[in-house]
Each structure stands twice: as structure tokens, then as C-alpha cells.
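Please keep the sequence and the three-dimensional view at hand while reading.

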Amino acid sequence: MNKLFVSVLALGLSFMVCKGQEKKEQLIDPKLTEVWEPKVPKVTPGKDHTAPSDAIVLFDGSNFDNWINGKGATAEWTLNADGSMTVKPKTGGIRTKQTFGSMQLHIEWRSPEKVEGKSGQGLGNSGVFIQGRYEIQVLDNNDNETYSNGQVGSVYKQSIPLAMASVPTGAWNSYDIIYHQPEFDEQGKVTKKATITVLHNGVLIQDHFEIQGPTVYRGEPSYKAHGKGPIFLQDHGDLVSYRNIWIRELN
Ligand code: MG
């Protein structure tokens, strides 16, 4: 056979095979790839970032029922008429009575008016500690520089935020946090590190960061086995306010 004839024959055959496959794909019922179970639960979203219908409301401005101080007594922070609460310096941080694992958390915070003589880590410092251990920094970084891994939106001393998305000092910020708790084996060794994603005023600032261990001020973090933990808000001596806090458990 001459070479040209063989090439034409081969081309023709491969064309026929392709056409055949195409026909076969067309014959497969598209319904076979539809998934109908489980049914998706219905959730009514909140208005203006208030709690959706399936969330646990941790703070709606009316009381401290869900919060305790370090001694296990009722939180001593200031309850404001505008539906917010403010750190009362020297009374210590406050934590939720209830403990949580993996979660979606919404929380809003506001820096106090600029205080003369305060800067760096001393300006509007507080923090949202997930499971009582892992701090997302709250800080007033408007015209106020500090180390990048300790600025607003950092996983403190572990992860620099992707952006600085703060509103002006005195306006309300929001954090929307997606957190997956760490897993440990029977010896207490971490087998899966915690991960965290944070939106600051709708801007992605932490993208599925793998947390290296509980927040520490000095040295390297290292995991210790734990179960569920509270949301803890830090008293760093500044008059930071919080409002509209709700959580959806993810496990
Ligand atoms: Mg802090």
C-alpha cells in the first residue's frame, strides 16, 4: 500500500472513533449525574449582617447572659445603649459560656477614638481568640504602623493579613471567620492543624491559613490537644467595642 493511502485510512478511522464516542456521550442520560439527596436545609439570612435563622446569637446588645469573665462570674464590661459592649480595662477578657469546635463566626468591632500618646500595639488593641487560643488581632492601624504579623487581621505572630481593610477609626468593622478545629491522636499529637479564613469588612485577609499552634507572645507556638473552646475577647487596656456576634457551628 502506498504511504499516503495508509495515512488517509488512519485519519478516517480515528475520525469515526471520535464521532462514535461523541454519540455515546450524548446517549448517557444527564439525569444520572443529578444528586437529589440529602436535601439542603433552608436558612433565612439576617438583615444587615444580623444572625441568620440557624445561628447561635452570642451577643445582641441586650445583656451579658452568654459571657463570663476569667473568674467564671458575669462579664464586667460596659453595656452600651447603642447595642454594643466595650472593654472595661483591668477587668480582664471575657469568654462565652458555651464552647465550640469548627465554626462560622461573625463579629463586629470598633476602635476607640485616638488616644494621645498611644501608638503601635498600644492603639485600640483587643483580639478575638478562637477556641480561647488562636488570636485574630484587633488593632487600630489607621496611620499607625506596627509589625506586619501583629497588625489588624493578623493571626497574631503567625500570619500577616493579605490586606489592611479597616474603616476609619471610630466606625464599625466586621470579621467573618471560617474556622476548622485541629485534630489530635490518642497521644495528643496534632494530626490535622486548624485552618482559618477571615474576611475583614468583606475583604479576604486570611485565606485558609494553617494555624501553627496557640497564640504566644514569645517563642514558637506548639499544639496541645484540646476539645471545644470558647470565643474569648481580649482586654488589652483599650476601649474597644463589640457588637452583633453570632456563630454557626460546622460540626
Ligand atoms: Mg490583641
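This is a predicted model: local features need pLDDT of at least 70, side-chain atom pairs count only at pLDDT 80 or more; totals for chains, interfaces and linings use all residues.

In which strand is the place of N244? N244 lies in strand β15.

**The magnesium site**

- The magnesium ion has as its protein donors N125 through OD1, S126 through its O atom, E135 through OE, Q137 through OE1 and Q234 through OE1.
- These donor atoms lie 2.2 to 2.3 Å from the ion.
- Along the chain, the donors follow the spacing N-S-x8-E-x1-Q-x96-Q.
- N125 has a relative accessible area of 2% and is therefore buried.
- S126 is likewise buried, because its relative accessible area is 0%.

**The open sheet**

- Five strands form an open sheet in the order β2-β5-β14-β7-β8, and their pairing is antiparallel.
- The edges of this sheet are β2 (67-69) and β8 (134-138), each of which pairs on one side only.
- Within the sheet, strand β5 (residues 94-96) and strand β14 (residues 232-233) run antiparallel and are joined by 2 bridges.
- I94 has L233 of β14 as its bridge partner.

**The nonpolar core**

- The largest nonpolar core contains 38 residues, and those touching the most other members are W67, Y175, I231, L233 and Y242.
- Two or more residues of this core come from each of β1 (56-59), β6 (103-110), β7 (126-130), β8, β9 (172-180), β12 (195-200), β13 (203-210) and β15 (241-249).
- Strand β6 supplies the largest share of the core, with 4 residues.

- Most residues other than glycine have a negative phi, and most peptide bonds are trans.
- The peptide bond between E37 and P38 is cis, with an omega of about 0°.
- P38 is placed in the loop that runs between α1 (3-27) and β1.
- N201, although not a glycine, has a positive phi of about 50°.
- This residue, N201, is found in the loop between β12 and β13, and it counts as partly exposed because its relative accessibility is 26%.
- N244 is another residue that is not a glycine but has a positive phi, here about 45°.
- N244 has a relative accessible area of 14% and is therefore buried.

**H106 and its surroundings**

- H106 is located in strand β6 and, at 1% relative accessibility, counts as buried.
- The side chain of H106 makes a polar contact of 2.8 Å with the side chain of D176.
- A polar contact of 3.5 Å links the side chain of H106 to that of N244, the residue with the positive phi of about 45°.
- Beyond four places in sequence, H106 touches H49, S174, Y175, D176, N244, I245 and W246.
- One of these, Y175, belongs to the residues of the largest nonpolar core that touch the most other members.

**Two loop residues**

- T169 is found in the loop between β8 and β9, where it is partly exposed with a relative accessible area of 21%.
- Polar contacts join the side chain of T169 to those of D140, at 2.9 Å, and N142, at 3.2 Å.
- T169 and N142 are 27 residues apart along the chain, and their C-alpha atoms are separated by 6.8 Å.
- Leaving aside neighbours within four places in sequence, T169 is in contact with S111, P112, E113 and K114 as well as with D140 and N142.
- K71 is found in the loop between β2 and β3 (78-79), and it counts as exposed because its relative accessibility is 78%.
- The C-alpha atoms of K71 and G92 are separated by 9.4 Å, the two residues being 21 residues apart along the chain.

Technical notes: Residues are numbered from 1 along each chain as its sequence is written. Side-chain values use heavy atoms; hydrogens and water are left out. Donors are N, O and S atoms within 2.8 Å of the metal (3.2 Å for Na, K and Ca); water is not among the atoms, so sites may look incomplete. Buried means under 20% relative accessible area, exposed over 50%, partly exposed in between (1.4 Å probe, protein chains only). Two strands pair if DSSP finds at least two bridges between them. A nonpolar core is a set of buried Ala, Val, Leu, Ile, Met, Phe, Trp, Tyr and Cys residues joined through side-chain atoms within 4.5 Å. A polar contact is a pair of N or O atoms within 3.5 Å; within protein, one must be able to donate a hydrogen and the other to accept it, and residues adjacent in sequence count only if both atoms are side-chain atoms. Contact means heavy atoms within 4.5 Å.
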